[in-house]
Amino acid sequence: MWRFVHLIRRFRREIEDRIPRYFEANSLRFHLFEEGPLNLASVDDVMEVPKDFFPAAAELTGVRLQVVLDHKEMNAVDKLFCLKVKGLLAHLNGQMLFPVPKDFIQDVVSATGDGTSACLDADDCDWRSWFKEKQLFPQEGVSLNYYVGGRGNKTVVLLNAYGQSFGYWKKFIQAVSAHFRMILWVPRGNDWGTVGIKLATSQKAHADDLDLILAQEGIETCTLVAWCSGPKLALEYYSRYRHRVASMVFTAASFKGLPEHKALETTFEKNLEPLLETIEKFPGESEVVLEYLKGILLAQDKRARSMEELSSLSHVELQKALSAVNVSLQEMVLEPFHAPNVLAYAKQMRDFWKYDFLPSLQTVSIPVLLLGGDCDQIASQPLAKAVAAMIPQARYLEVQGGTHYLQYDHWDLLAQAVDEVVNSGGRLKLSHPWVNLTVPAEENTSMRKNLA
């Protein structure tokens with residue numbers, strides 16, 4: 001019961017970070033009955049649930065619970081919650097039939113509920129206190145800045161999206177650095193705290209810079225963990241220095257730039273290219289273009305919804321809201337798009353889109369795991385799946401309800417996946433009911449056989 005309550009509290013944060021005040025207007029409905037998707041309880045059992053259980057749960061979580069007789073009564077939010085607690089509810093069914101202990105509420109409120117430290121469940125983790133800021137000077141007038149920290153015999157190298165802050169990663173960094181040595185790569189021209197791109201650099205130069213850093217740190221082999229634009233750089237690095245790469249994990253990968261798959265690109269990817277081209281051609285108009293770009297990037301209604309509107313959201317409206325940028329991330333998402341550095345960012349992204357990574361895919365002979373959310377509206381995950389199918393034995397993990405910011409929303413899932421990839425040679429034991437693990441290349445082969 002303790003863990004169940006913690007999961008509701010975390011789920012509330014996850015949903016209301018995208019749909020503010022949602023649970024003030026809506027109950028969280030779940031289905032427990034025989035013949036239903038969970039096969040947990042009979043109607044008679046549920047009728048015996050003490051009257052104080054649901055009020056106690058509401059006091060603990062701020063979420064009103066409602067059992068429904070038909071799973072058709074549940075909306076997208078309810079169904080996502082049922083997936084996340086499917087395994088746990090089977091164990092809780094019996095516990096729900098007993099009165100709630102008087103001291104239970106205080107015990108749960110004072111606990112983190114998931115076995116992790118309080119810091120990992122908070123928003124103010126100071127991961128930088130665990131890391132050293134280091135520099136290299138490969139040539140006159142050029143400095144390479146990076147972070148080193150963590151502990152362990154194996155190394156994880158984090159390739160962040162171009163121009164983005166490490167703020168998205170703080171819980172993931174703190175979790176992973178407890179078990180592995182970590183290196184956080186910073187693009188050439190940026191210092192440790194720079195957000196945005198100060199100097200546009202080719203994929204080849206970035207890869208060479210990264211190898212200088214790994215050589216300086218004495219890293220013989222490592223796992224590359226890359227987000228958004230990072231996977232293309234990881235593939236370039238692997239094609240040039242494969243002796244240093246043991247495995248790769250890509251999250252919310254962006255592979256924009258393939259003409260034959262242009263139809264798979266997201267609306268954001270399609271709109272971003274002409275906007276950045278305009279900035280390159282007319283730098284003086286960058287402020288106007290940036291304001292338009294920010295509106296597209298956030299892609300959500302900034303108008304506060306009334307209780308009536310929140311309680312009557314349609315399926316389409318809910319799906320759109322679940323795909324929106326987290327309210328707590330909006331400032332961080334917009335940080336790279338500021339006039340002083342946006343021209344360099346535009347040039348960097350143009351180089352990123354033009355980079356041809358396809359020739360190297362068939363030569364990949366190490367474990368590769370891609371994670372993507374079905375609510376990612378920034379980087380096309382259908383395109384990421386298509387690329388995964390070109391990599392021998394690469395696996396794709398789809399996270400239901402996941403956005404472009406999996407390292408923020410699902411940092412513990414990503415940390416677990418990285419741990420298993422590093423320590424098991426790529427074999428995964430993930431058993432979460434809201435994720436679906438596939439081998440796209442095998443799926444394509446099977447489809448072709450069926451069509452034949």
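**View 1. The largest nonpolar core of this predicted model has 111 residues.** A nonpolar core is a set of buried Ala, Val, Leu, Ile, Met, Phe, Trp, Tyr and Cys residues joined through side-chain atoms within 4.5 Å. Buried means under 20% relative accessible area, exposed over 50%, and partly exposed in between (1.4 Å probe, protein chains only). Trp-169, Phe-172, Met-248, Phe-250 and Phe-255 touch the most other members. Helix H19, residues 411–424, gives this core its largest share, 8 residues. Helices (H or I, at least four residues) and strands (E, at least two) are DSSP runs, numbered from the N terminus. A second, separate core has 27 residues, including Ile-19 and Val-63.

**View 2. Phe-255 and its contacts.** Contact means heavy atoms within 4.5 Å. Residues up to four places away in sequence are not counted here. Phe-255 touches Pro-231, Lys-232, Leu-235, Phe-250 and Phe-357, among others. Leu-370, Leu-383, Ala-384 and Val-387 are also among the residues it touches.

**View 3. An open sheet of 9 strands.** The order is S3-S4-S6-S5-S7-S8-S9-S10-S11, and the pairing is mixed. Two strands pair if DSSP finds at least two bridges between them. Strands of a sheet pair through backbone hydrogen bonds, either parallel or antiparallel. At the edges are strand S3 (131–139) and strand S11 (435–438), each pairing on one side only. Neighbouring strands are turned by 20° against each other on average, direction ignored. Axes are lines fitted to C-alpha atoms, for helices over the stretch in contact; angles run from 0 to 180 degrees between N-to-C directions.

**View 4. Strands S3 and S4 run antiparallel.** 7 bridges join S3 to S4, which spans residues 142–150. Glu-133 has Tyr-147 in S4 as its bridge partner.

**View 5. Asp-191 sits in the loop between S6 and H8.** Asp-191 is partly exposed, because its relative accessible area is 35%. Its side chain makes a polar contact with the side chain of Thr-194, at 2.5 Å. A polar contact is a pair of N or O atoms within 3.5 Å; within protein, one must be able to donate a hydrogen and the other to accept it, and residues adjacent in sequence count only if both atoms are side-chain atoms. A polar atom of the Asp-191 side chain also lies 3.1 Å from the backbone nitrogen of Gly-193. Leaving aside neighbours within four places in sequence, Asp-191 is in contact with Asn-145 and Val-186. Asp-191 and Glu-133 are 58 residues apart along the chain, yet their C-alpha atoms are separated by 9.6 Å.

**View 6. Asp-209 lies in helix H8, residues 203–216.** Asp-209 counts as buried because its relative accessibility is 3%. Not counting residues up to four places away in sequence, Asp-209 touches Leu-144 and Arg-188.

View 7. pLDDT is the predictor's confidence in each residue, from 0 to 100. Over residues 34–41 the pLDDT is below 50.

**Notes.** Residues are numbered from 1 along each chain as its sequence is written, and side-chain values use heavy atoms, with hydrogens and water left out. In this predicted model, local features need pLDDT of at least 70 and side-chain atom pairs count only at pLDDT 80 or more, while totals for chains, interfaces and linings use all residues.
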